[in-house]
Amino acid sequence: ARAAATSAPITPGALADGTPVPLLANLGNAAGAAQAVELGAEGVGLFRTEFLFLSSANAPTVEQQRAAYTELLQAFPGKKVVVRVLDAGADKPLAFLNDAHEENPALGLRGIRALRASEDILREQLTALAEADKATDADLWVMAPMISTVEETEYFTTLAREYGVKTAGVMVEVPAAALLADKVLAIADFASIGTNDLTQYTFAADRLLGSVAAFQDPWHPAVLRLIHETALGGKANGKPVGICGEAAADPLLAVVLVGLGAATLSMAPTALADVRATLLQHTLDDARRVAEAALSAADAASAREAARAASSNTD
Ligand code: PEP
Ligand code: MG
């Protein structure tokens, strides 16, 4: 109420022609929810649950998790909240879950692979989410990280639905899942593209390693083509595909992502204002032209340049 009396209300994300592009928040804990709402987040596109697990020697109890998820969902009445189940791996190892001695943690037992090997942890998390969902009236969506096969998609969505999850989806952050998105999205209710890992795995370049940091550029047409393929897989099945990696926070790249077929964009709340403003300067036709220009480039720098040129032609 403090700010609402004096400042204009923040409008929902949309293109210049009125096409809605819901702008969502990436959150790492429920404490960030209030600020996200203040900055105009229309919901949560990625709630990372690792924080609940990383701080303790044992897995948190169902009760501890239920309390945290309830606090989050209560901050978004009637709004979409996408919660990602635990994404642990040897890069952020949990004593009770991971073998910390893998030589290539990013390629090891992480995400859904680790959860599957310790299914009790996944079942407890789904129990806590279902309980929090019942006690609140947000629109809860639940997704699994590091999905790389159709079979894993089937495994996760079947299990999640057993616990009463109404909207069960997957993260697309491994090229194999992007390439088979038409099959993955025949089963999953939605997909959210994690551009950080998708870029890492497209270039086989560790996203945490400074010496190969130059590869970590989501503007690269190799990544854009995988994003496009994923969006087409969603379209073929009538399922929404959103973006929740850092790429969505770059205003011009956000236009490209919408042009490639992304239905929603999720980002750090502080990035919402700039992305909202830039989307409002482009129609859907503009966005498609800007995306096409980036998609046909040969490298990241030319994709950026081509998108910039195509974007200024639309003004
Ligand atoms: C991603 O990989 O893009 C993503 C959103 O997940 P995280 O950064 O948590 O791996
Ligand atoms: Mg990821």
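**Conventions.** I number residues from 1 along each chain as its sequence is written, and I letter chains from A and number ligands from 1 in the order in which they are written. As the model is predicted, local features need pLDDT of at least 70, side-chain atom pairs count only at pLDDT 80 or more, and totals for chains, interfaces and linings use all residues.

**Overall build.** I looked up the secondary structure and found 14 helices and 8 strands in the protein. Helices (H or I, at least four residues) and strands (E, at least two) are DSSP runs, numbered from the N terminus. The radius of gyration is 19 Å, close to the 20 Å that the globule rule gives for 315 residues, so the protein is as compact as a globular protein of that length. That radius is taken over C-alpha atoms, and the globule rule is 2.2 Å times the number of residues to the power 0.38. Along the principal axes, the C-alpha atoms fill a box of roughly 55 × 50 × 35 Å.

I then checked burial: 50% of the 315 residues count as buried. Here buried means 20 or more other C-beta atoms within 10 Å of the residue's own, exposed means 12 or fewer, and partly exposed is in between, with C-beta atoms placed from the backbone. Of the contacts between residues at least 6 apart in sequence, 65% join residues at least 24 apart. A contact requires C-beta atoms, placed from the backbone, within 7 Å.

**Ligand 1.** Which residues surround ligand 1? I list Leu46, Arg48, Asp87, Glu173, Gly194, Thr195, Asn196, Asp197, Cys244 and Gly245. The criterion is a C-beta atom, placed from the backbone, within 6 Å of the molecule. Strand S2 (43-48) and helix H9 (195-203) each supply at least two residues of this shell, and H9 gives the most, with 3 residues. By class, the shell has 2 nonpolar, 4 polar and 4 charged residues. The classes are Ala, Val, Leu, Ile, Met, Phe, Trp, Tyr, Cys and Pro as nonpolar, Asp, Glu, Lys and Arg as charged, and the others, Gly among them, as polar.

**Helix H9.** I looked at H9 next and found 7 of its 9 residues buried. The buried residues are Thr195, Asp197, Leu198, Thr199, Gln200, Tyr201 and Thr202. Their cover includes strand S5 (167-172), helix H7 (175-179), strand S6 (191-193), H10 and S7. Just after H9, Ala204 takes a positive phi of about 50°. Ala204 lies in the loop between H9 and H10 and is exposed, with 10 other C-beta atoms within 10 Å.

**Met146.** I noted a positive phi of about 60° at Met146, which is not a glycine. Most residues other than glycine have a negative phi. Met146 is in the loop between strand S4 (139-144) and helix H6 (150-162). It counts as buried, with 23 C-beta neighbours inside 10 Å.

**Glu246.** This residue sits in the loop between S7 and H11. Is Glu246 buried, exposed or partly exposed? I have Glu246 as partly exposed, because it has 18 C-beta neighbours inside 10 Å. Leaving out residues up to four places away in sequence, Glu246 touches Thr195 and Asn196.

**Helix H11.** I find H11 (residues 251-260) mostly covered, with 8 of its 10 residues buried. The buried residues pack against helix H10 (221-237), strand S7 (241-243), strand S8 (264-267), helix H12 (272-279), helix H13 (284-295) and helix H14 (300-312). Just after H11, Gly261 takes a positive phi of about 120°.

At what angle do the axes of H11 and H13 cross? They cross at roughly 100° and come within 7 Å. Axes are lines fitted to C-alpha atoms, for helices over the stretch in contact, and angles run from 0 to 180 degrees between N-to-C directions. H11 and H13 are therefore roughly perpendicular to each other, a label for angles of 65 to 115 degrees, where under 35 is roughly parallel, over 145 roughly antiparallel and the rest oblique. Val255, Val256, Val258, Gly259 and Leu260 in H11 meet Ala287, Arg288, Val290, Ala291 and Ala294 in H13. This contact has 8 nonpolar, 1 polar and 1 charged residues.

**Ala307.** My last entry is Ala307 in helix H14. Ala307 counts as buried, with 25 C-beta neighbours inside 10 Å. Ala307 and Leu253 are 54 residues apart in sequence and 8.3 Å apart in space, C-alpha to C-alpha. Not counting residues up to four places away in sequence, Ala307 touches Leu252, Val256, Val290, Ala293 and Ala294.

Terms used: Contact = placed C-beta atoms within 7 Å.
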